[in-house]
Amino acid sequence: MGSSSLSEDYRQCLERELRRGRAGVCGDPSLRAVLWQILVEDFDLHGALQDDALALLTDGLWGRADLAPALRGLARAFELLELAAVHLYLLPWRKEFTTIKTFSGGYVHVLKGALSEDLLIQSFQKMGYVRRDNHCLKVTALPPAHQLVQVALGCFALRLECEILGEVLAQLGTSVLPAEELLQARRASGDVASCVAWLQQRLAREEEPPPLPPRGSPAVFRAQLDLYRDLQDSDSDSDSEEASLYGGPSPGPGSPSLEPAYRPRPWQQSAKLWGPQGAACEPTEEAQALQEVSSPPCSPPYGALEEEEPEPEAFSFLSLRRELSRPGDLAAPKAPGSPSPQRAHGPIAEPAGYQVHSCLAPGALPARCCDTCRQLHTAHCAALPACRLGHELRALLGDAHQRLWLQRAEVDTLLCSSPGARP
C-alpha cells in the first residue's frame, strides 16, 4: 500500500467521522492496524510520508534519561499537531483555527515540552502558518486540501511510531538507554522482535553506557489543553471535565465534538509494569509494597495517557518493612518476660543488608542494584562491569522505585550501625 492510498483512506476516515458529528484525529482501528504493520516492517515509509520522522524523534528523545515518558510526551505532541492540520482541512471557515498563540497552554505544555521551537515552526509552516510575531502564528494562505491531509497523516504515523518504539522498550525490559541506539536498532530491523534482539546484544557487550547529554525532563501533560487561547485561560479550564481541547463546543456538524481518539497501548503505562524480560510483572510482594508507598494501583492497560504516577507524599516505614520482609528478617518484638522462641533447625542465616556504593553522590538516586554484592550503583558506575560477570544485576526503573531502594539501603545501614544490631 503506497502513501497515496494511505492518504485516501485517511481522508475518508476523517470525513466519515465528520458526518458523525466529530472532527478529530484519526481513530479508525483498521487503518491504525494497517499503518502500524507497514511501519514496523518498513521504517522508510516515513520518508514517503515526508513527516521528518528521524529529525523529530531524535530531537524529542535526545538527552532523555528515561525514554518511556519522553515517547509519551512526543505522542501527545504529534496528536496535537495532527489535530491542528485536521481542523484546517475539515473546518477551514473556523477563524479561531487560523491563529495559534505560542503562549497558549497546548503550545507551551505539550509542544514545547517535547520538541524544539525550530522544528515546531517547520511543522506548522507545512500547514500554512507563518510567524507574525513572537506570540502568534497565523495562516495567511490556506494550503491545498491534499497537503493538509498529508501533514495530518504524517503526524498520525509519528504517533504510531512512538507506540512501536514503546513496544520495543517494553519487550526489552528497560527504557533507560541512549536514544541514538534505539533509533539505530529500529531503522535496521524489520520487526519488533529483531529490534529487541539487536538492542539486547548491544547492551550485553556494552561495558559502560555513555553519559547522557544534558536535557531537562519532559513536563507532565494534562489531557485538555487549548492550542488557540491564552495560557491563563486554558490552565483555568484544564481542571474542568467539560473543557475540551478548544473550549466548550456546541453540538451539530458546524461545531463537532473534538474529543481525542487516541487510546494508549499497554506499554504507555508505568515502566514498573514490565519485568526484566519485557513481560508484565506478577503482583509480587515487593511490587505490592512499592505500590503502597508510591502510588495507587496501576491503571488498566488502556488508561489515560497524560497522567503520570504521583510521587510518594511521605515515606512509610510500615510499607517499607512489608517490602523488606524476608524469611528471617526483622522478627516481631517479644513481650517483657516472655520466653524466647525455640528454633527447630538452628539459627536462620540472614542476608546482608544493602549498602550505597561510593559512586552514589548525596541526593542522587540509584539506577542499578546488585543482589550479589548487595550494593546500589549509578548507571555509569565504574564497578558495574565487574558486577555484570556472573552477578545478579537489576535495573531500578522510575523515581519511586529508586527512592524505595535508597531508603531500604539507608534503613539497613541504620540497623547495622545501631547499638542493638544483631551480629
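Trainee: Where is leucine 396 found?
Mentor: In this predicted model, leucine 396 sits in the loop between strand 7 (393–395) and helix 15 (399–417).

Trainee: Is leucine 396 buried or exposed?
Mentor: Leucine 396 counts as buried, because its relative accessibility is 2% and the cut-off for buried is under 20%.

Trainee: What is leucine 396 in contact with, leaving aside its neighbours within four places in sequence?
Mentor: The contacts are Pro366, Ala367, Arg368, Cys369, His401, Gln402 and Trp405. As for arginine 368, it is 28 residues apart from leucine 396 along the chain, and the two C-alpha atoms are separated by 5.6 Å.

Trainee: Moving to the cores, which residues have the most contacts inside the largest nonpolar core?
Mentor: They are Tyr10, Leu111, Phe124 and Met127, in a core of 78 residues. A second, separate core has 6 residues, including Leu376, Leu396, Trp405 and Ala409.

Trainee: And what does leucine 111 touch beyond its neighbours within four places in sequence?
Mentor: Leucine 111 is in contact with Ala77, Leu80, Leu81, Gly106, Leu120, Phe124 and Leu227.

Trainee: On to helix 5: how many of its residues are buried?
Mentor: Helix 5 is mostly covered, with 24 of its 24 residues buried.

Trainee: What span should helix 5 have, and how far apart are its end C-alpha atoms?
Mentor: Helix 5 comprises residues 67–90, so at 1.5 Å a residue its 24 residues should span 34 Å. The end C-alpha atoms are 34 Å apart, which agrees.

Trainee: Which residue caps the N-terminal end of helix 5?
Mentor: Aspartate 66 does, with a side-chain oxygen 3.2 Å from the backbone nitrogen of alanine 68.

Definitions and conventions:
Residues are numbered from 1 along each chain as its sequence is written. This is a predicted model: local features need pLDDT of at least 70, side-chain atom pairs count only at pLDDT 80 or more; totals for chains, interfaces and linings use all residues. Side-chain values use heavy atoms; hydrogens and water are left out. A nonpolar core is a set of buried Ala, Val, Leu, Ile, Met, Phe, Trp, Tyr and Cys residues joined through side-chain atoms within 4.5 Å. Buried means under 20% relative accessible area, exposed over 50%, partly exposed in between (1.4 Å probe, protein chains only). Contact means heavy atoms within 4.5 Å. Helices (H or I, at least four residues) and strands (E, at least two) are DSSP runs, numbered from the N terminus. The expected span of a helix is 1.5 Å times one less than its number of residues. A polar contact is a pair of N or O atoms within 3.5 Å; within protein, one must be able to donate a hydrogen and the other to accept it, and residues adjacent in sequence count only if both atoms are side-chain atoms.
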